[in-house]
Number of protein chains: 2
Amino acid sequence: MRPAKKRGQGCLKKQLGKGGEETARGQMDLFLSHFENRIDRKGRLSVPASYRLVLERSRASLYLYKSLTHPCLEGCGPERIAQIVDAIDRLDTLSEEAETLQTMLSSAQEMKMDAEGRVLLSEDFLQFADLSDSALIAGIGRSFQIWQPAAWRTRETAARGRARTGGVPKLTLARPAGPGDG
Amino acid sequence: MRPAKKRGQGCLKKQLGKGGEETARGQMDLFLSHFENRIDRKGRLSVPASYRLVLERSRASLYLYKSLTHPCLEGCGPERIAQIVDAIDRLDTLSEEAETLQTMLSSAQEMKMDAEGRVLLSEDFLQFADLSDSALIAGIGRSFQIWQPAAWRTRETAARGRARTGGVPKLTLARPAGPGDG
DNA sequence: TATTTTCCCATGTTATCCCATAAAAACCCA
DNA sequence: TGGGTTTTTATGGGATAACATGGGAAAATA
C-alpha cells in the first residue's frame, strides 16, 4: 500500500548504542535529506524516522508553525520556540517585531506523535501550505520544512538555477568555537 | 454540535506520566496555537484544553484583563499578575506609568472555570473586546489573547504581510548547538 | 422573588489508541 | 557475494476517549 517511491535511510534505531545512550559516532542530530510522505484522509503525516530519532535523542517534542515568508510549515524543537518567547520579552510589546513574533507563536503547535510516528495536521496547517494528499518534508539542518511537493520542486529548481548563474554563496566555515560543539 | 472547523490538539491529559509526575518531555508550558471557540448565550467560553493543562500543571488559576493597547482580552497565570504588582512597587506611586499598570490590575479578574473548562465572560469584557458569539484565542507564549475573530485575522494578515516585505526579526542563534533548534 | 451563576448531564465531532499490512532496508549465514 | 530472514517504516482503518458545546436544574445573589 505504499506509493512505492524512494526510500529514506532505513533502519535508524540500530544506530543507537545498545546501552540506550546514543552512539555519538559523528552524529550531528540534524534534519537532513527530504521525503515525500502521504497525508491520509484523517490528516495524518508520518514524520521521517530519522527526524524522529533526532528529536528522541534530545527527548524533545516537535513543534510546527506556519512560515512567515513562505507557504510552508516549519518544524523545530522547543529551543526555537523558547528563543521566540524570550525575544518577545526583550522587545517593546507594541513594536511590529514583537507582533511578528507573536504571530509565529499563535500559529505554533506542539505536535503529539502517535505510536507510529505520525502527526495530525490541523485544517489551518493544511490550508496554509496547500497540502492535500502528500507532503514533501525537507530538512534544512536544525529545522525542517513541509511543502506541497510540486511547490517544493519548483523552488528547488529555481534555487539550483540561481546557483549556476549567480554563483554559490560563500560558506563561512569557521565558527567561533562554542560549547556543545560536537 | 461542534462548529466543525479546526482540529485542535486533542487529548492532553494523557501526556502526563501515569505515575502522576509530569513527563518533562521538554514541556515548556506555554500558550501556543490559536482556537476559535463559541461563546454561548450564557456568555461562556471554553478555554482550550491545552491551555487548561498549562495552568493545571502549575496548579494556577486563570486571570483575564483588558489589554492596555489593543481591543482584546489578555489571559495569564498568577505569576504575570505578580510581575505587574512588583513593577508598580518599583515605580513612583504617583507616576503615570504606575497609574497605567494599576489600570490593568483593576480590570483583572480571577476566572473560575466550570467542570467543562469554561469561563463566564462579563458584560464588560464582552463589550471591550467586541465579542458576541465566538472568540479567537491566540497563544503568545506566557500569555494569550482573546480577540473578535475577524479583528484577529486582519491583524494576522497584516503582520504576515510586513514580515514578507520587511523581514523577520532575527533570533539570537548563538547558543550551544542542539538539535531541533534552528 | 426575580435574576444571575453554578452544577450536572447529554451530544456530535474529532482526535487518539490500537491493530494490521506491505514494502523496503538491514541483517545473517553460508 | 548472494539470497533468504527479520526489522523497520510508512500506511490504513476500526474502536474508543476527549473535547467543545448546549441546555436544564439547583444554588446563590440581589
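1. Start with the contact pattern in chain A: of its contacts with a separation of 6 or more, 62% come from residues 24 or more positions apart. Keep in mind that this is a predicted model.

2. On the overall layout, chain A holds five helices and eight strands. Reading from the N terminus, the order is β-β-α-β-β-α-α-β-β-α-β-β-α. As for burial, 32% of the 182 residues of chain A count as buried.

3. The pair I'd look at is H2 (residues 78-90) and H3 (residues 96-107) of chain A, whose axes come within 9 Å and cross at roughly 150 degrees. The crossing of H2(A) past H3(A) is left-handed.

4. Which residues of H2(A) and H3(A) meet? From H2(A) they are Ile84(A), Ala87(A) and Ile88(A), and from H3(A) they are Ala98(A), Leu101(A), Gln102(A), Met104(A) and Leu105(A). Sorted by class, this contact has seven nonpolar residues, one polar and no charged ones.

5. H3(A) is largely enclosed by the rest of the structure, because nine of its twelve residues are buried. Those buried include Glu99(A), Thr100(A) and the residues Leu101(A) and Gln102(A).

6. What do the buried residues of H3(A) pack against? Within chain A, the partners are strand S3 (62-66) and H2. Chain B also takes part, with strand S1 (34-38), strand S7 (134-139) and helix H5 (149-166).

Conventions. Residues numbered from 1 in each chain as written. Chains lettered and ligands numbered in written order. Predicted model: local features only at pLDDT ≥ 70, side-chain atom pairs only at ≥ 80, totals over all residues. Helix = DSSP H or I, 4+ residues; strand = E, 2+ residues; numbered from the N terminus. Buried ≥ 20, exposed ≤ 12 C-beta atoms within 10 Å, placed from the backbone. Contact = placed C-beta atoms within 7 Å. Axes fitted to C-alpha atoms, helices over the stretch in contact; angles between N-to-C directions. Left-handed = near helix turned anticlockwise from the far one by under 90°. Nonpolar A, V, L, I, M, F, W, Y, C, P; charged D, E, K, R; others polar.
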